[in-house]
Amino acid sequence: MTPKSSKPETMHLNKNQKTLPKRGLRLLCPDLMVESVTQINPQLLLKRGIKGVILDLDNTLVLWHREDITEETLQWLETLKSAGLKLCILSNSIWSLRSERIAERLQCPNVRQAKKPSRGGFLRALKAIDTTPQATAMVGDQMFTDILGGNRMGIYTIMAAPIHPKEFAYTRYISRPPERLLLRHFRRNGQIKHPKGE
Ligand SMILES: [Mg+2]
């Protein structure tokens, strides 16, 4: 399935956003929400002082349990690399050979069995790309793993809509319903920022 292709020219920037650590429910709120990873503008990441991007795999870059990446996503990853951003895959998947092959294809480090939202995997990813949390963005489709984990580390968090409804049953039936409720809550409170929201 091809991700949505809208490419807004601007992205919400709030330089003060990371000066106050998030607490409570805010730990689950992404700094930015996009419909597709391709909406993330590398130049605007650089303007935030970001030097590295940690990438979730399943339903962010590839379909769940698959390894083919759309041409559009590959091009976007190339624009990140061309902009000088370092990339690292951070996946909870236990199918490590698959993520190894994808990382090899993208020529970037791969942190396997990350156990997001635990800090351990994030620390390994930061070490692999030699960046600090303040100079790093996390891109992922799940609030309770990618976003919570990134926010706990003080990383700039970007939540991308899952590229396909097919996913791990636990995610689909246990994680997604409260995730939807919380997104609605954050939206109602004006806490969700979109690329066009500047
Ligand atoms: Mg995912």
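**Entry 1: what counts as buried**

I started with a term: a residue is buried if 20 or more other C-beta atoms lie within 10 Å of its own, exposed if 12 or fewer, and partly exposed in between, with C-beta atoms placed from the backbone. Pro42 has 20 C-beta neighbours inside 10 Å, so Pro42 counts as buried.

I also noted the ground rules. This is a predicted model, in which local features need pLDDT of at least 70, side-chain atom pairs count only at pLDDT 80 or more, and totals for chains, interfaces and linings use all residues. Residues are numbered from 1 along each chain as its sequence is written.

**Entry 2: how confident is the model?**

I checked pLDDT, the predictor's confidence in each residue, from 0 to 100. The protein has a mean pLDDT of 87, and 88% of its residues reach 70 or more. Over residues 1–19, however, the pLDDT is below 50, and this stretch has 44 contacts in the model beyond near neighbours in sequence. Two residues are in contact here if their C-beta atoms, placed from the backbone, lie within 7 Å. I keep in mind that where pLDDT is low, the predicted coordinates should not be read in detail.

**Entry 3: the overall plan**

I counted elements next; helices (H or I, at least four residues) and strands (E, at least two) are DSSP runs, numbered from the N terminus. The protein has six helices and six strands. Along the sequence I read the pattern β-α-β-α-β-α-β-α-β-α-β-α. Of the 198 residues in the protein, 40% are buried. Among contacts between residues at least 6 apart in sequence, 69% join residues at least 24 apart.

**Entry 4: back to Pro42**

Where does Pro42 sit? I found Pro42 in helix α1, residues 42–47. Leaving aside neighbours within four places in sequence, Pro42 is in contact with Thr79, Leu80, Ala83 and Leu85. Leu80 is 38 residues from Pro42 along the chain, yet their C-alpha atoms are separated by 5.5 Å.

**Entry 5: strand β3 and its partners**

I moved to β3 (86–90). Four of the five residues of β3 are buried, so I wrote this strand down as mostly covered. Which strands pair with it, if pairing takes at least two DSSP bridges between two strands? β2 and β3 run parallel and are joined by four bridges, with Ile54 opposite Cys88 in β3. From β2 the chain crosses through α2 to β3, a right-handed β-α-β crossover. Right-handed means that, with the strands pointing away from the viewer, the path from the first strand over the helix to the second runs clockwise.

β3 also pairs with β4 in the parallel sense, over two bridges. There I found Ile89 opposite Asn110 in β4. β3, α3 and β4 make a right-handed β-α-β unit.

**Entry 6: helix α3**

Which residues of α3 (residues 96–106) are buried? I listed Ser99, Ile102, Ala103 and Leu106. Seen down the axis of α3, these buried residues fall within an arc of 100° (taken from the directions from the helix axis to the C-beta atoms), so they line one face of the helix. On the other side of α3, Leu97, Glu104 and Arg105 are exposed. The buried residues of α3 pack against α2 (71–82), β3 and β4 (110–111).

Gln107 is not a glycine, although its phi is positive, about 55°. It counts as exposed because it has 9 C-beta neighbours inside 10 Å.

**Entry 7: helix α4**

In α4 (residues 119–129), I noted Gly121, Phe122, Ala125 and Leu126 as buried. They cover an arc of only 135° around the axis, which puts them on the same side of α4. What do they pack against? My list reads β2 (52–55), β3, β4, β5 (136–140) and α5 (143–153).

Pro117 lies in the loop between β4 and α4, and the peptide bond from Lys116 to Pro117 is cis, with omega near 15°. Asp130 is found in the loop between α4 and β5. Asp130 has a positive phi near 55° and is a residue other than glycine. With 10 C-beta neighbours inside 10 Å, Asp130 counts as exposed.

Key
Two strands pair if DSSP finds at least two bridges between them.
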